[in-house]
Amino acid sequence: MAFEEKVKIRSYNSRIDRGRVEDLERRCEVGPAQSVLLFTDTMGDPICRIRNSPLYKMLVAELNNELVGVIQGSIKLVTFSTPTRNRAVVGYILGLRVSPHHRRKGIGLSLVRRLEEWFIANHVDFAYMATEKDNEASVKLFTEKLGFVKFRTPSILVNPVQYHAMRISREVKVVKLKVEEAEYLYRRFMGSTEFFPHDIDRILRNKLSLGTWVAYPRGESWDELRSAGLVPSSWAMVSVWNSGGIFKLRVGKAPLSCHIYSKSSRMMDRIFPCLRIPALPDVFHPFGFYFMYGMHGEGRRSGELVRALCRFVHNMATECKDCKVIVTEVGGCDAVRLEEIPHWKLLSCPEDLWCIKALRKEDQHTVMGWTKTPTTTTRGVVFVDPREV
């Protein structure tokens with residue numbers, strides 16, 4: 001009997017699978033580094049990372065009554081320009097885990113194929129996934145065996161939360177927007193961005209979305225947006241998602257030097273706060289994080305205003321005991337440059353590889369055309385959905 005016939009793939013059942021999936025998560029690392037591994041704690045809800053998506057599914061793989069693999073998928077309508085349409089239904093693949101003792105047996109391949117069947121049954125046009133550029137096993141699985149092609153390489157930027165607040169220039173005004181105002185700005189200025197979600201209003205109203213803020217030069221007015229749809233000469237905006245409200249992270253198997261630096265830097269920062277010594281928070285125990293999404297800037301001073309917003313969010317995070325880092329993800333040609341967003345290179349990922357696959361024959365040539373077209377100022381700018389972090 002072929003190996004694939006021995007593996008049973010079915011939908012996740014929380015009553016019988018919850019504990020076994022959590023155990024599998026604990027045994028599987030996230031990230032390409034061999035010396036530093038990132039573990040997730042779903043706090044008793046293995047399906048938490050997709051629960052806020054419009055449509056989602058989780059599959060498990062069993063071998064001889066042992067749970068040996070899991071995969072998750074979500075479906076949504078997004079902005080996606082093709083020769084025949086400006087929107088598309090996309091399926092996102094995430095959370096693929098295979099037990100360390102059962103890898104290289106085709107389990108991951110079978111899980112992805114079964115999830116693709118669910119995508120097709122729900123009229124998905126394109127399937128996509130994200131992985132570390134250096135994760136050779138994952139890249140080979142999707143590009144060589146499943147027909148995915150490399151699509152975009154956005155950057156994941158991580159900044160640790162310090163104990164002291166950061167100074168924001170008095171020349172900058174920061175204001176919190178109403179949900180309706182934020183939705184209007186996103187649809188007006190980012191509505192044509194790749195992967196912009198059609199249900200942005202649901203994201204902004206989600207309990208995990210802490211709000212949307214704009215920064216603009218002090219002395220100018222934001223009130224004209226309400227009366228005439230006008231914005232200041234320079235401005236920037238960002239929304240914040242409390243990812244720590246659904247799952248935690250923990251760094252494991254780090255070198256002893258990292259532990260020593262983390263503890264000593266925090267101690268020095270507490271004793272001599274005036275020196276503002278960059279400190280690495282305690283990331284070796286479960287911690288939460290804020291995700292900044294929808295970051296956008298317009299005008300000559302937009303870079304300065306983006307930096308002000310990042311500092312504002314950092315100061316928010318200092319008031320949350322559980323939040324240890326702030327994360328954001330921007331496209332390679334995003335209007336917001338990487339140097340404008342505070343981050344530690346040691347913790348960040350400069351190229352998070354996105355791969356994509358057309359599930360309909362008429363779209364296959366379109367996908368190949370995108371991958372062969374040189375990146376321009378408009379190509380490569382993506383909207384990262386906080387529900388898929």
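Which residues does D125 touch, not counting residues up to four places away in sequence?

**View 1. D125 and the residues around it in the predicted model.** D125 touches R85, A88, V89, K357, A358, L359, R360 and D363, leaving aside residues up to four places away in sequence, where contact means heavy atoms within 4.5 Å. D125 sits in the loop between α3 and β6, and at 8% relative accessibility it counts as buried, a word used for residues under 20% relative accessible area, with exposed meaning over 50% and partly exposed in between (1.4 Å probe, protein chains only). Helices (H or I, at least four residues) and strands (E, at least two) are DSSP runs, numbered from the N terminus. The model is predicted, with local features needing pLDDT of at least 70 and side-chain atom pairs counting only at pLDDT 80 or more, while totals for chains, interfaces and linings use all residues. Residues are numbered from 1 along each chain as its sequence is written, and side-chain values use heavy atoms, with hydrogens and water left out.

**View 2. The largest nonpolar core.** A nonpolar core is a set of buried Ala, Val, Leu, Ile, Met, Phe, Trp, Tyr and Cys residues joined through side-chain atoms within 4.5 Å. The largest one has 59 residues, of which F80, F126, L185, Y186, F195, W222 and I356 touch the most other members. Because domain 1 (8-153 + 351-372) and domain 2 (158-347) both contribute residues, this core lies between them; the domain bounds come from an automatic or database domain assignment. Apart from this core lies another, of 28 residues, including V98, I107, F119 and F148.

**View 3. Aromatic pairs.** Rings of Phe, Tyr and Trp (its six-membered ring) pair if their centres lie within 6.5 Å, and planes under 30 degrees apart count as stacked, over 60 as edge-to-face and the rest as tilted. By this rule there are 19 aromatic pairs. The ring centres of W118 and F119 are 5.7 Å apart with their planes at 40°, so this pair is tilted; W118 is buried, with a relative accessible area of 15%, and F119 is buried at 0%. W241 and Y293 form an edge-to-face pair, with 6.4 Å from centre to centre and 80° between the planes. This second pair links distant parts of the chain, since W241 belongs to strand β11 (residues 235-242) and Y293 to strand β13 (residues 288-298), 52 residues apart.

**View 4. The two sides of helix α4.** In helix α4 (residues 136-145), the residues S138, V139, L141 and F142 are buried. These four cover an arc of only 160° around the axis, and therefore lie on the same side of α4; the arc is that of the directions from the helix axis to the C-beta atoms. The face turned away from the buried side carries the exposed residues E136, A137, E144 and K145. Among the elements that cover the buried residues of α4 are β5 (85-98), α3 (107-121) and β15 (352-358).

**View 5. R218 in its loop.** R218 is found in the loop between β10 (209-217) and α7 (224-228), and at 48% relative accessibility it counts as partly exposed. Leaving aside residues up to four places away in sequence, R218 touches R170, E171, V172 and K173. The C-alpha atoms of R218 and V174 are separated by 8.9 Å, although the two residues are 44 residues apart along the chain.
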